[in-house]
Amino acid sequence: MSRLSDSNVQLAHEIIARYPKPKSALIPLLHLSQEQNGYVTQDAMRHIAELVGVTPAEVIGTATFYEMFKFEPVGTYLINICGTMSCALLGAEELMHHAEQKLGIRAGSTTDDGMFTLEHAECQAACTEAPCLQVNYRHQYRVSTQDLDAMIDDLRSGALRDEIPAHGTLTRIRQRTHPNEVGAVPVDEVTEAPVWISKHEATEAPA
Amino acid sequence: MSTAITRDYTPGFYEGDRPKVVTSRFEYEDSHTLERYHATNGYEGLRKCLAMTPAQMHDEVRASTVLGRGGAGFPAGVKWGFTPKDVWPRYLVVNGDESEPGTYKDRLLMERDPHQLIEGCLIACYAVGLSHCFLYVRGEMPLAHERLATALNDAYDAGYIGKNVLGTDFSVDITLHWGAGAYVVGEETALIESLEGERGMPRLKPPFFPAAIGLYGKPTIVNNVETLANLPFIANEGSAAYTAIGTETSPGTRMIAISGHVKRPGVYEIINGSTTFRDIIYGDEFCQGIRDDNELKAFVPGGGSAPWFLPDQLDIPFEGREAGSAGSMLGSGAVMVMDSTTDIPKAALTLTRFYAHESCGKCVPCREGGTWLYRILERICDGHGTTDDLDQILEVGQSICPGEMPHAASERLGLEATPFPYKMTTICFVGPSAYAPLHSALTLFPEEFEAKVAPSPKRTKIPVTAAS
Ligand SMILES: Cc1cc2nc3c(=O)[nH]c(=O)nc-3n(C[C@H](O)[C@H](O)[C@H](O)COP(=O)(O)O)c2cc1C
Ligand code: SF4
Ligand code: FES
């Protein structure tokens with residue numbers, strides 16, 4: 001069973017309510033399910049389809065476009081090594097080679113103990129801090145091969161458990177639903193200019 | 001790096017003794033908090049904005065001529081004016097999908113000064129009558145998400161967002177949205193598709209630009225994070241103070257990231273329009289020259305999609321039109337520097353691979369052509385290419401960008417510049433971007449490709465042996 005838990009269903013309803021059309025909540029809900037299970041399960045996608053009011057096929061259609069969604073279990077720690085230009089110029093290839101040796105796996109695969117998945121990645125918006133990588137999308141900057149060894153040892157020993165949650169947890173602080181929110185309005189229900197615009201329209205020529 | 005992972009520390013930015021428009025709070029460790037924002041003039045721009053009429057605020061932004069920072073450099077005030085009259089609701093979508101190779105500035109702005117971005121969004125919403133703002137942040141940026149979520153929660157609590165902002169009749173929601181890993185979603189129509197819960201594939205435009213038909217088919221302004229981060233300054237200090245910085249065609253400042261083989265790679269807020277590439281790469285307050293005092297070989301002036309420049313172009317200022325007539329573009333403000341030790345075909349491979357990989361698959365020249373270019377180039381770099389492959393690159397390139405490709409002038413090769421832009425057969429710029437860096441590399445450094453390939457079998461004698 002990997003439908004969304006009761007507390008996540010409640011969160012899902014809050015998220016859906018923020019959008020004028022429920023389908024807009026698909027990506028956030030897929031992240032939520034990945035946070036719950038470590039990857040996106042078929043059951044979760046069916047459940048999300050129910051919550052959003054689309055077919056499961058539509059959910060799969062959207063989900064499979066995006067690289068962050070995994071459809072089978074990955075390691076607790078997903079290590080993405082950037083190989084795009086700025087990082088490549090400063091040794092990304094050696095870093096990847098070293099990581100493969102250290103973990104004993106080829107990029108694109110997972111260690112037997114389910115701890116690590118290693119992947120080639122593209123530019124991580126940290127190009128001035130090359131070469132860089134992400135562990136469960138947490139940036140590491142200017143990574144030497146020694147840094148990489150130390151990091152993997154620390155991840156193994158659990159020394160970084162608080163800093164880097166298991167794969168799937170993207171952010172630990174969420175936007176709250178606020179009592180003073182206007183609230184999303186279905187698109188078709190708005191036909192007039194908002195009041196702060198309309199009250200000036202009588203007195204002012206439109207810009 | 002030490003393994004004591006410093007998640008709260010986003011490195012890479014260097015201050016300087018220059019005017020600051022968007023990085024004025026970066027010096028404070030707590031620059032992301034509402035307390036610091038309040039202590040440094042925060043939300044004062046919003047108050048001034050709310051004291052004006054929406055049209056007056058729009059005029060102020062129009063007069064500032066602030067240019068879009070997402071890549072195309074279109075004036076924000078003019079774009080805002082494209083919303084059709086009397087069609088409601090209208091939306092704001094903030095493009096925080098930063099993923100163009102070499103680009104690192106929007107993430108800094110979101111992590112270090114989230115309230116500045118929020119204030120910018122509020123100003124835009126007030127001026128254009130946008131009743132709901134969606135902040136689309138790239139999925140692979142958890143710290144930016146956390147900082148923005150905290151800032152939004154605090155700003156709602158403080159009455160800056162929600163019903164009746166600061167007791168006025170301006171009411172607006174800002175919703176933080178998550179991406180999930182797809183470069184092409186940075187393209188504005190793909191961003192909208194993605195926000196609607198679809199696969200992030202660009203829409204065909206023209207005829208309909210998002211300002212007319214966007215999110216849910218309604219008028220939608222899409223602006224880059226840095227573009228919006230400029231607005232609190234403009235509301236506070238006025239458009240004249242803004243245009244007093246920079247040049248007439250490129251006002252204000254600009255965030256740029258310089259990476260690669262320089263001594264001090266980093267993100268800098270530069271004076272727009274007048275700072276030259278020589279200043280940026282060699283200047284003491286910027287990158288301080290090439291690592292190990294090597295020779296400069298080439299540089300990418302405006303993100304991975306941009307045609308390359310040579311040392312011949314160092315004295316060109318960081319200004320859109322000048323870069324355009326010299327054969328390239330400034331794009332997202334990312335300079336990638338290659339020194340004399342660089343293997344040029346291999347450097348081009350890392351970019352062509354990127355764009356081939358990021359193709360959404362909607363148009364054939366990009367989906368097939370990009371992949372072909374990548375495969376051919378990989379074969380060449382692996383030492384299995386022939387001279388035939390070089391011709392093939394140009395042929396495939398022509399099917400993506402027919403006609404002359406922009407490129408820089410080279411004294412060494414006796415080449416004159418072909419100005420930007422190019423023609424294209426694809427819906428968006430991902431296809432051409434797979435070709436542009438490769439075309440530059442091949443045009444400006446033909447000898448490095450020739451050195452890697454064997455003569456085509458058609459031009460060599462292959463004798464018949466017993467085994468064959
Ligand atoms: C393939 C592609 C990727 C893009 N990626 C981004 C991006 O990551 N961030 C961004 O702000 N603009 C990006 N753009 C530009 C946007 O389409 C759009 O022009 C921009 O967000 C408009 O904002 P501005 O006018 O404030 O610059 C991209 C464009 C293309 C064609
Ligand atoms: S050019 Fe490439 S990425 Fe852009 S729409 Fe066409 S196939 Fe998709
Ligand atoms: S090239 Fe590696 S982070 Fe941009």
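How many aromatic pairs does a search of the whole structure find over all chains? The answer is 23, where rings of Phe, Tyr and Trp (its six-membered ring) pair if their centres lie within 6.5 Å, and planes under 30 degrees apart count as stacked, over 60 as edge-to-face and the rest as tilted.

Before selecting anything, note that this is a predicted model in which local features need pLDDT of at least 70 and side-chain atom pairs count only at pLDDT 80 or more, while totals for chains, interfaces and linings use all residues. Residues are numbered from 1 along each chain as its sequence is written, chains are lettered from A and ligands numbered from 1 in the order in which they are written, and side-chain values use heavy atoms, with hydrogens and water left out.

**Stop 1: an aromatic pair**

Select B:Phe277 and B:Phe309. They form an edge-to-face pair, 6.0 Å centre to centre with 85° between the planes. The pair links distant parts of the chain, 32 residues apart: B:Phe277 is in helix H12 (residues 277-282) of chain B, and B:Phe309 is in the loop between strand S7 (296-300) and helix H13 (320-325). Helices (H or I, at least four residues) and strands (E, at least two) are DSSP runs, numbered from the N terminus.

Next, pick B:Gln288, in the loop between H12 and S7 of chain B. B:Gln288 has a positive phi of about 65° although it is not a glycine.

**Stop 2: ligand 1**

Select ligand 1 and the 18 residues that surround it (a heavy atom within 4 Å). The closest are B:Gly70, B:Lys79, B:Asn223, B:Asn224 and B:Thr227. Strand S4 (residues 220-224) of chain B gives the largest share of this shell, three residues.

Now show distances to oxygen atoms of ligand 1:

- a backbone N or O atom of B:Gly70, at 2.7 Å;
- an N or O atom in the side chain of B:Lys79, at 2.8 Å;
- a polar side-chain atom of B:Asn95, at 2.9 Å.

Taken alone, ligand 1 exposes 610 Å², and the protein buries 90% of that (Shrake-Rupley method, 1.4 Å probe).

**Stop 3: ligand 2**

Move to ligand 2, which 13 residues surround. The closest are B:Cys360, B:Lys362, B:Cys363, B:Cys366 and B:Cys428.

**Stop 4: two cis peptide bonds**

Select A:Ala130 and A:Pro131, joined by a cis peptide bond with omega about -10°. A:Pro131 lies in the loop between strand S2 (116-121) and strand S3 (133-135) of chain A.

Finish at B:Phe420 and B:Pro421, where a cis peptide bond has omega about -5°. B:Pro421 is in the loop between helix H16 (387-400) and helix H17 (430-444) of chain B.

Key
Polar contact = N/O pair within 3.5 Å; in protein donor to acceptor, adjacent residues only side chain to side chain.
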